[in-house]
Amino acid sequence: MTTYAVIASNHSHSYQFFAPITALFWKEVVGFKTICFLTGTKEEWDEKAASLVRRKLDEAGALIHHIGKLEGYQDAQAAQSSRQHAAALDLPVDDVLLTGDIDMWSLDRDWFHQHDPAKWDFTSWYANAYGPLAPTPPFHPTPYVAATVAKWREVMQLECRGEILTQMQANFDRTLTPDASTWTSWWHDELYFNSKLKAWSGYPHRVQMICREGQPPHDRIDRCAWPAWRGHEYAFDWSHKWVDTHLIRPAATPENWPRVRPLVEHYIPNHLAWVDE
């Protein structure tokens, strides 16, 4: 059984920059492989900066899958919802898929190893997300949900076809439509998955729901409360048990990279030169 973190990006530099580093964090800190969906075709990623992203993803051991063109919808929507459709790929049914965000780094191995398929069909790592503002509590955000390929297929009603575009296009056309509001479109991946999960016969008793304190969680280094500059360095509290980080965007700027780089230096120091390259 192999566990994959599933992430995705379109051509936005604010997101694609993170892809190889995020895959590296999953591999080195947590011990999971990564599936990374990229919007469009391989040929569309031959441009210099994009091809560097592909090369670095390959060096980080990620499995790269190009989504193709989702007709009538933005590439960002295709990237977002690709993660819940990953089980349509040709993968062993007992492999585990864990959905994550490309601009979130995993910082604690044990925290992400709480899903046991022998005990639970699904694990939701932030089942109290958004608190009272959640559309239909409990709400299960894309980062992070895990299940076997077989259970993802069952809940999302997916067939193994070796690609995700055909079934994702059909689901979008049936449940979203191109004229949906921007707000509805942005949340579609989570709203659609939550509707499918809650309609499933195993919900809620077959779902391990892990709750977190705080909005944002107190165990997350979050961009809305990033450590401040203290004279000669950014004041990260390394004694605290952090489990993940929601990163500053864009990170690849002279102003922001010095704020993000200490995480690489602290958690995967042996790969700092590779990241700086």
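With that, I looked at contacts in the protein chain between residues at least 6 apart in sequence, and 76% of them join residues at least 24 apart.

I noted the ground rules. This is a predicted model, with local features needing pLDDT of at least 70 and side-chain atom pairs counting only at pLDDT 80 or more, while totals for chains, interfaces and linings use all residues. Residues are numbered from 1 along each chain as its sequence is written, and side-chain values use heavy atoms, with hydrogens and water left out.

**Whole chain.** I found ten helices and ten strands in the protein chain. These are DSSP runs numbered from the N terminus (helices: H or I, at least four residues; strands: E, at least two). The radius of gyration is 18 Å, close to the 19 Å of the globule rule for 277 residues, so the chain is as compact as a globular protein of that length. That radius is taken over C-alpha atoms, and the rule is 2.2 Å times the number of residues to the power 0.38. The C-alpha trace spans about 55 × 45 × 40 Å along its principal axes.

**Burial.** I counted 54% of the 277 residues as buried. Buried means under 20% relative accessible area, exposed over 50%, partly exposed in between (1.4 Å probe, protein chains only).

**H4 and H6.** Helix H4 (residues 75–82) is mostly covered, with six of its eight residues buried. Among them are Gln77, Gln80 and Ser82. In helix H6 (residues 165–175), I listed Gln167, Met168, Gln169, Asn171 and Phe172 as buried. Their cover includes H4 and H8. Just after H6, Thr177 takes a positive phi of about 70°.

**H5 against H8.** How do these two helices pack? Helix H5 (residues 149–156) and helix H8 (residues 188–199) meet at an angle of about 95°, their axes 8 Å apart. That makes H5 roughly perpendicular to H8, a label for angles of 65 to 115 degrees. H5 brings Trp152, Val155 and Met156, and H8 brings Tyr192, Phe193, Lys196 and Leu197. I sorted these contact residues into six nonpolar, no polar and one charged.

**His205.** I placed His205 in the loop between H8 and strand E8 (207–209). His205 counts as exposed, at 52% relative accessibility. Its C-alpha atom lies 30 Å from that of His246, 41 residues apart along the chain.

Conventions. Axes are lines fitted to C-alpha atoms, for helices over the stretch in contact, and angles run from 0 to 180 degrees between N-to-C directions. Angles under 35 degrees count as roughly parallel, over 145 as roughly antiparallel, 65 to 115 as roughly perpendicular and the rest as oblique. Contact means heavy atoms within 4.5 Å. Ala, Val, Leu, Ile, Met, Phe, Trp, Tyr, Cys and Pro count as nonpolar, Asp, Glu, Lys and Arg as charged, and the others, Gly among them, as polar.
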